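I opened my notebook to look through a structure one piece at a time. I wrote down each thing I looked up.

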Amino acid sequence: QVQLLESGGGLVQAGGSLRLSCAASGRTFSVSAMGWFRQAPGKEREFVARITKSGSSTSYANSVKGRFTISRDNAKNTVYLQMNSLKPEDTAVYYCATSGKYYPTSIYEYDYWGQGTQVTVSS
């Protein structure tokens, strides 16, 4: 089992920034890639960003590319999501997740999920 705890969400004005953190504990040796997803009310959970175990490869949803940056600190078993130039449409619950795969390409390839942290962007 891997436990994930997100933090850093909150209320911010459009154009502002937030930094989300996700700390992993438990069987972290089984974790390879880590990702961030988000779910807005009435919508399906969607991919935001992903980072490989070494941190050498990242990928982003087109909607956040150039504004969000994913990073990880393996010594702390923590993944971060720096969110800049936030827009009202970024409002959602943000979840981090882990995968045993090096390069997961589907939400179904993520094994463990955090409880989520709310991000609200006001216009």
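**Entry 1**

I started with strand E1. Its covered face holds Val2, Leu4 and Glu6. Its uncovered face holds Gln3, Leu5 and Ser7. I noted that the model is predicted.

Next I looked up the partner of E1. Six bridges join E1 to E3, and the two strands run antiparallel. I found Val2 opposite Gly26 in E3.

**Entry 2: the sheet around E1**

In what order do the four strands of the open sheet stand? I read it as E1-E3-E8-E7, with antiparallel pairing. Strand E1 (2–7) and strand E7 (68–73) are at the edges; each has a single partner strand, so one side of each has no neighbour in the sheet. On average it is 15°, direction ignored.

Then I went to the E7 end. Strand E8 covers residues 78–83, and six bridges join E7 to E8. These two strands run antiparallel. Here Asp73 stands opposite Thr78 in E8.

**Entry 3: the loop residue Asn77**

Between E7 and E8 there is a loop, and Asn77 has its place in it. Is Asn77 buried, partly exposed or exposed? Its relative accessibility is 29%, so Asn77 counts as partly exposed.

I checked the backbone too. Phi of Asn77 is near 50°, which is a positive value in a residue other than glycine.

Which residues does Asn77 touch, not counting those up to four places away in sequence? I listed Cys22, Ala23, Ala24 and Thr28. I also looked up Leu4, from the covered face of E1. Asn77 and Leu4 are 73 residues apart in sequence, and their C-alpha atoms are 9.7 Å apart in space.

**Entry 4: another positive phi**

I looked up Ser85 next. Ser85 lies in the loop between E8 and E9. Its phi is positive, about 50°, although Ser85 is not a glycine. With a relative accessible area of 40%, Ser85 is partly exposed.

**Entry 5: the disulfide**

Cys22 had come up as a contact of Asn77, and I followed it. How many disulfides does a search of the whole structure find? The search finds one. It joins Cys22 to Cys96, with an S to S distance of 1.8 Å. The pair links distant parts of the chain: Cys22 is in strand E3 and Cys96 is in strand E9, 74 residues apart.

I looked up the torsion about the S-S bond of Cys22 and Cys96. It is about 45°, so this disulfide is right-handed. Buried means under 20% relative accessible area. Cys22 is at 0%, so Cys22 counts as buried. Cys96 is buried as well, with a relative accessible area of 0%.

**Entry 6: the nonpolar core**

Last, I looked inside. In soluble globular proteins, nonpolar side chains tend to be buried together. The largest nonpolar core here has 27 residues. Those with the most contacts inside it are Trp36, Leu81, Met83 and Tyr94. Several strands each supply at least two residues of this core, among them E1, E7, E8 and strand E9 (92–98). Which strand gives the most to this core? I found E3, with four residues.

Technical notes. Residues are numbered from 1 along each chain as its sequence is written. This is a predicted model: local features need pLDDT of at least 70, side-chain atom pairs count only at pLDDT 80 or more; totals for chains, interfaces and linings use all residues. Side-chain values use heavy atoms; hydrogens and water are left out. Two strands pair if DSSP finds at least two bridges between them. Axes are lines fitted to C-alpha atoms, for helices over the stretch in contact, and angles run from 0 to 180 degrees between N-to-C directions. A nonpolar core is a set of buried Ala, Val, Leu, Ile, Met, Phe, Trp, Tyr and Cys residues joined through side-chain atoms within 4.5 Å. Buried means under 20% relative accessible area, exposed over 50%, partly exposed in between (1.4 Å probe, protein chains only). Contact means heavy atoms within 4.5 Å. A disulfide is a pair of cysteine sulfur atoms within 2.5 Å.
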